[in-house]
Amino acid sequence: MDGKILVITSGKGGVGKTTATSSIGAALAMQGNRVAVIDMDIGLRNLDVIMGLENRIVFNIVDVVNNRCKISQAAIKDRRIDNLFLIPASQSDNKDVLTTKGVKRVAKMLKKEFDYIIMDSPAGIERGFENSVVSADEAIVICTPDVSAVRDADRVIGLLYSKSITPKLLINRIEPARVAKGEMLSHEDVLDVLSIELAGLVPLDEYVLTASNMGLPLVLQKESKAGLAFTRIARRLNGETDLPIEVPTHKTGMWNTISKKFGFTK
Amino acid sequence: MLSKLIKMFTSQNKESSKSQAKKRLQFALIYDKLEINDNTLKDLQNDIIQVISRYFEIDRDALSLEIQRGEETSALVFNTPILQIKRR
């Protein structure tokens with residue numbers, strides 16, 4: 001059976017696409033799938049360094065699409081997680097080097113070899129985005145709970161719809177304490193505004209930075225709340241559709257609990 | 001503790017920043033969707049001219065096509081002087 005192509009995208013940059021791609025990819029591999037994660041951000045590669053595989057790059061996705069090497073030569077095997085492979089972006093080309101036709105052809109071959117192909121799309125709505133979504137079976141749009149990220153997400157969601165893809169939303173960097181105080185949009189607020197199905201909710205987590213500092217997979221950090229959230233998202237993608245979406249919570253002090261009971265906090 | 005207590009009672013009536021964010025977003029998205037880019041408008045203008053030209057002779061240089069935004073509704077306004085009716 002052919003594998004599935006999942007594209008991870010966003011309107012605004014810096015909302016956590018690369019972290020999400022590497023984490024969901026790693027989690028899917030740990031759940032027994034053969035997974036390729038592909039960095040489609042040509043000219044600005046990052047997925048390799050987040051995954052700690054930057055020293056092992058020989059070929060890249062541009063080489064594959066332009067027939068300069070085979071998929072198996074470009075796919076770097078992660079030594080910590082079985083069945084996880086990275087195909088990095090090219091750093092020297094510009095983003096116009098890939099054609100949608102070329103990407104489509106390679107996508108077809110990738111689907112024969114992997115259960116899941118996860119594409120880390122560049123932010124925004126230009127050429128790189130087109131190339132990432134051209135063969136996508138599913139899409140996850142990432143946003144954070146702030147006005148600019150939500151507005152830009154709406155634009156990308158509209159574009160995906162126009163390409164007959166029904167995306168799901170992943171809200172990243174939720175700070176439950178601030179949501180409780182009314183300082184941050186809750187996931188319900190975001191969903192009211194965007195009216196889209198949810199892929200999952202990921203809390204703000206210190207481990208994300210430290211794991212990326214060391215190039216370690218977030219989902220292997222047992223105490224990482226974000227890592228756990230990504231693992232659950234991957235399980236839902238992988239067929240456990242009735243696994244409930246966990247809403248990030250914060251430890252409430254006694255005072256908070258009392259005031260909530262009396263309806264003081266909004 | 002006391003300041004927290006005071007703040008809690010006083011902030012009751014003040015709108016939280018997140019509900020402001022939500023309202024602003026909802027309006028922004030509605031307006032974003034009403035925006036038409038220049039190319040679309042130009043294509044539309046050409047199409048309208050083609051259709052009208054079947055029935056009227058119009059002054060192509062004097063016509064205008066614009067979107068007028070009101071408080072609650074937006075209107076597409078096409079204005080053209082008629083030079084002559086085409087007899088058919």
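In chain A, Ser195(A) lies in the loop between α9 (187-194) and β8 (197-203); helices (H or I, at least four residues) and strands (E, at least two) are DSSP runs, numbered from the N terminus. The model is predicted, so that local features need pLDDT of at least 70 and side-chain atom pairs count only at pLDDT 80 or more, while totals for chains, interfaces and linings use all residues. Residues are numbered from 1 along each chain as its sequence is written, and chains are lettered from A and ligands numbered from 1 in the order in which they are written.

Most residues other than glycine have a negative phi. Ser195(A), although not a glycine, has a positive phi of about 40°. Ser195(A) counts as exposed because it has 9 C-beta neighbours inside 10 Å; a residue is buried if 20 or more other C-beta atoms lie within 10 Å of its own, exposed if 12 or fewer, and partly exposed in between, with C-beta atoms placed from the backbone. A positive phi, near 60°, is also found at Arg173(A), a residue of strand β7 (residues 168-174) of chain A. Arg173(A) has 21 C-beta neighbours inside 10 Å and therefore counts as buried.

Chain B contains three helices and four strands, in the order α-α-α-β-β-β-β from the N terminus on. Of its 88 residues, 3% count as buried.

Between the chains, 13 residues of chain A are in contact with eleven residues of chain B, two residues being in contact if their C-beta atoms, placed from the backbone, lie within 7 Å. On the side of chain A that touches chain B, the elements giving two or more residues are α7 and α9, and the largest share, four residues, comes from α7(A). By class, this side has six nonpolar, two polar and five charged residues; Ala, Val, Leu, Ile, Met, Phe, Trp, Tyr, Cys and Pro count as nonpolar, Asp, Glu, Lys and Arg as charged, and the others, Gly among them, as polar.

The axes of helix α7 (residues 147-162) of chain A and helix α2 (residues 17-34) of chain B come within 10 Å and cross at roughly 30°. Axes are lines fitted to C-alpha atoms, for helices over the stretch in contact, and angles run from 0 to 180 degrees between N-to-C directions. The two helices, α7(A) and α2(B), are therefore roughly parallel to each other (under 35 degrees; over 145 is roughly antiparallel, 65 to 115 roughly perpendicular and the rest oblique). The contact involves Val147(A), Val150(A), Arg151(A) and Asp154(A) of α7(A), together with Ala21(B), Arg24(B), Leu25(B), Ala28(B) and Leu29(B) of α2(B).
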